[in-house]
Amino acid sequence: MSIKADVAIIGGGVIGASIAYRLAQAGKKVVLFEKYDFAAGATGSCDQCVFLQSKNPGIHLKLALDSSEIFQNLAKELDYTIDYFQHGGMITIENEMEMRVMSDFVEKQSKLGLDVCIISRDEAAKRQRGLAKHLLGCTYSPTDGHVNPFKLTLGFIQAAKKLGAEFYIDAEVTAFRQEGGRIKGINQIKKELRSMVKSAKYSEGKKAKGASLEELFNSEFMREYTDFESYEELLAASGLTAESTEVVNAAPDGELDLHVRRTTRFSSWLEMQDTAANEYVIKKLGF
Ligand SMILES: Cc1cc2nc3c(=O)[nH]c(=O)nc-3n(C[C@H](O)[C@H](O)[C@H](O)COP(=O)(O)OP(=O)(O)OC[C@H]3O[C@@H](n4cnc5c(N)ncnc54)[C@H](O)[C@@H]3O)c2cc1C
């Protein structure tokens with residue numbers, strides 16, 4: 001399948017999703033490819049904070065302040081619930097040195113327009129139960145808040161879709177197509193192709209449609225990724241025999257992984273199989 005677009009975005013985290021939305025808003029034909037699922041990367045692991053006062057005075061704080069403005073009306077703009085709450089935030093101050101550093105930091109941030117101040121430990125304790133008794137105080141900004149990163153990402157995606165952007169999940173970008181030194185396109189593997197990859201895996205052995213051990217671990221693959229010319233050589237050097245999948249699978253836990261780590265560019269036997277299967281299918285498909 002061939003997809004034509006003004007802009008192709010790789011990665012459906014919050015950054016890719018927001019770029020897709022803004023470009024679609026600007027009238028661009030956008031397509032986004034995500035390897036796994038939306039927010040499957042750092043976005044889905046983050047701690048949800050929209051934390052302004054941790055930003056250094058300068059461009060970071062400026063961007064954070066501008067983002068905070070955008071967040072005020074973002075749910076309405078996207079027509080999507082993103083669970084954005086501005087409940088305020090604090091950074092604890094434990095000693096005199098930290099007090100000096102944070103006082104200076106807060107002064108600089110305030111000059112750039114951030115609503116932030118230093119409050120006493122007792123004031124802070126009214127906002128947060130269980131604060132340690134030895135604290136000297138806290139910085140406090142009422143503008144800090146949090147947002148649900150999954151909903152935020154999906155909000156951008158839904159809104160971009162309404163503007164005509166296309167999104168593909170289970171779609172790993174595997175290569176760029178170049179012409180005259182410029183990127184002219186990308187190759188991607190979709191869900192259907194993934195199942196072909198699975199069927200070609202070594203664990204399926206000779207039962208796999210069309211993929212023998214020799215084809216998977218061909219000499220080109222072995223030379224590129226390992227210290228050996230052939231798969232048999234690799235196994236011979238390990239002390240294991242290469243008669244069947246079962247023999248390899250029966251190797252004591254970790255022994256084969258250790259050998260693979262020492263003599264190839266892979267960190268495990270599974271990773272080596274996966275890469276070989278992927279490369280086999282990609283080659284078969286003519287990419
Ligand atoms: C624990 C933690 C806490 C954090 N806390 C905060 C915070 O409080 N405030 C804050 O502002 N930031 C925070 N961050 C940082 C913030 O979450 C990340 O900077 C942000 O989510 C990055 O978004 P992204 O879209 O660039 O990357 P990601 O969310 O990682 O998205 C990249 C996507 O690309 C996909 N992908 C990769 N390769 C391919 C390929 N070849 N083909 C197709 N798709 C591909 C991946 O599957 C992934 O979904 C935190 C991060 C972590 C991990």
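Let me start with helix α10, residues 231-238, whose buried residues are Y231, L234 and L235. These three lie on the same side of α10, because they cover an arc of only 90° around the axis. Please keep in mind throughout that what we are looking at is a predicted model. As for what they face, the buried residues of α10 pack against α8 (213-216), α9 (219-225) and α12 (255-263). Just after α10 comes G239, which takes a positive phi of about 85°.

Let me step back to the whole chain for a moment. The protein has 287 residues, of which 24% count as buried, and its secondary structure comprises 13 helices and 10 strands. If we take the contacts with a separation of 6 or more, 61% of them are accounted for by residues 24 or more positions apart.

Now to the nonpolar cores. The largest of them has 24 residues, and those with the most contacts inside it are A20, V30, F156 and A160. The elements giving two or more residues to this core are α1, β2 (30-33) and α6 (149-162). To take A160 as an example, and leaving aside its neighbours within four places in sequence, this residue is in contact with A20, Y21, A24, V30 and A165. There is also a second, separate core of 14 residues, which includes A211, L216, A276 and V281.

Next, the ligand. Which residues come nearest to it? Among the 22 residues around the ligand, they are G11, G13, G41, C46 and C49. Three elements, namely α1 (14-25), α2 (42-45) and β9 (172-179), each supply at least two residues of this shell. Sorted by class, the shell around the ligand holds 11 nonpolar residues, seven polar ones and four charged ones.

Finally, a few words on backbone angles. Most residues other than glycine have a negative phi. D79, which is not a glycine, has a positive phi of about 60°, and its place is in the loop between α3 (59-78) and β4 (89-93). D79 is exposed, with 10 other C-beta atoms within 10 Å. D170 likewise has a positive phi, near 55°, and sits in the loop between β8 (166-168) and β9. Is D170 buried, exposed or partly exposed? With 17 C-beta neighbours inside 10 Å, D170 counts as partly exposed.

Conventions. Residues are numbered from 1 along each chain as its sequence is written. This is a predicted model: local features need pLDDT of at least 70, side-chain atom pairs count only at pLDDT 80 or more; totals for chains, interfaces and linings use all residues. A residue is near a molecule or strand if its C-beta atom, placed from the backbone, lies within 6 Å of it. Helices (H or I, at least four residues) and strands (E, at least two) are DSSP runs, numbered from the N terminus. Ala, Val, Leu, Ile, Met, Phe, Trp, Tyr, Cys and Pro count as nonpolar, Asp, Glu, Lys and Arg as charged, and the others, Gly among them, as polar. A nonpolar core is a set of buried Ala, Val, Leu, Ile, Met, Phe, Trp, Tyr and Cys residues joined through C-beta atoms within 7 Å. A residue is buried if 20 or more other C-beta atoms lie within 10 Å of its own, exposed if 12 or fewer, and partly exposed in between; C-beta atoms are placed from the backbone. Two residues are in contact if their C-beta atoms, placed from the backbone, lie within 7 Å. The arc is that of the directions from the helix axis to the C-beta atoms.
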